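Subject: Structure handover

Hello,

Here is the structure I said I would pass on. My notes on it follow below.

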Amino acid sequence: MRAWRAIAVATEGHRADLAGLAAIAVGLIAGLGIYAGLAGPFGRLAASGAAELVGVAKVMLPPALVAAGVLMIRGRDDQREPNPRLTVGGVIVVLAVLGL
């Protein structure tokens, strides 16, 4: 319990940056799995999961994840805290539309 509080205090103000880095990492590993088959078990899981979620549009998933991660790290021009919920919600909507 104390560890979680310490992590929350240490990452305060940088949560969007951490989420952006995670999105970029997942996008890169998914790209290796989808495009080249080189990411090992996680890459195979990412490739098959992306195929199940969005079908043929799976080739767009790694660039979309990397772009979302970059936008989350870069933030807005007016220096307000970026809202990762908006990014996650947008990704879910796009996945739902592509899955139809």
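**Overall layout**

The chain has five helices and zero strands. Read from the N terminus, its elements run α-α-α-α-α. The C-alpha trace spans about 40 × 30 × 20 Å along its principal axes. Of the 100 residues in the chain, 24% are buried.

Please keep in mind that this is a predicted model. Mean pLDDT for the chain is 81, with 90% of the residues at 70 or more. Confidence is highest in H4, with a mean of 88, and lowest in helix H5 (residues 84–99), with a mean of 78.

**Helix H3**

H3 has 15 residues, and its first and last C-alpha atoms are 21 Å apart, close to the 21 Å expected at 1.5 Å a residue. Its buried residues are Gly-43, Ala-46, Ala-47, Ala-50 and Val-54. Viewed down the axis of H3, these buried residues fall within an arc of 95°, so they line one face of the helix. Pro-41, Arg-44, Leu-45 and Glu-52 are exposed on the other side of H3. Just after the helix comes Gly-55, which takes a positive phi of about 65°.

**The nonpolar patch**

Which residues make the nonpolar surface patch? They are Val-26, Ile-29, Phe-42 and Leu-45, and the patch covers about 340 Å². Helix H2 (15–36) and helix H3 (40–54) each supply at least two of the patch residues. Phe-42 lies in H3. This residue counts as partly exposed because its relative accessibility is 40%, and the partly exposed class runs between the 20% limit for buried and the 50% limit for exposed.

**Between H3 and H4**

Met-60 sits in the loop between H3 and H4. Its relative accessibility is 53%, so Met-60 counts as exposed, the cut-off for that class being over 50%. From Met-60 to Pro-41 the C-alpha distance is 20 Å, with the two residues 19 apart in sequence.

**Helix H4**

H4 covers residues 61–74. At 1.5 Å a residue, its 14 residues should span 20 Å, and the C-alpha atoms at its ends are 20 Å apart, which agrees. Buried in H4 are Leu-61, Pro-62, Leu-65, Ala-68, Gly-69 and Met-72. Seen down the helix axis, the buried residues of H4 fall within an arc of 130°, so they line one face of the helix. The face turned away from that buried side carries the exposed residues Leu-71 and Arg-74.

Ile-73 is also in H4. Is Ile-73 buried, exposed or partly exposed? It is partly exposed, with a relative accessible area of 36%. The C-alpha atoms of Ile-73 and Ile-24 are separated by 9.9 Å, although the two residues are 49 apart along the chain. H4 is followed by Gly-75, whose phi is positive, near 75°.

**In short**

In both helices described here, the buried residues line one face: an arc of 95° in H3 and an arc of 130° in H4. The nonpolar patch draws on H2 and H3. When looking at H5, bear in mind that confidence is lowest there.

Regards

Technical notes. Residues are numbered from 1 along each chain as its sequence is written. This is a predicted model: local features need pLDDT of at least 70, side-chain atom pairs count only at pLDDT 80 or more; totals for chains, interfaces and linings use all residues. Side-chain values use heavy atoms; hydrogens and water are left out. Helices (H or I, at least four residues) and strands (E, at least two) are DSSP runs, numbered from the N terminus. The expected span of a helix is 1.5 Å times one less than its number of residues. Buried means under 20% relative accessible area, exposed over 50%, partly exposed in between (1.4 Å probe, protein chains only). The arc is that of the directions from the helix axis to the C-beta atoms. Patches are made of residues with over 30% relative accessible area and no salt bridge: like charges are joined within 9 Å, nonpolar side chains (Val, Leu, Ile, Met, Phe, Trp, Tyr) within 5 Å. Accessible areas come from the Shrake-Rupley method with a 1.4 Å probe; for residues, only the protein chains shown count as cover. A salt bridge is a side-chain nitrogen of Lys or Arg within 4 Å of a carboxyl oxygen of Asp or Glu. pLDDT is the predictor's confidence in each residue, from 0 to 100.
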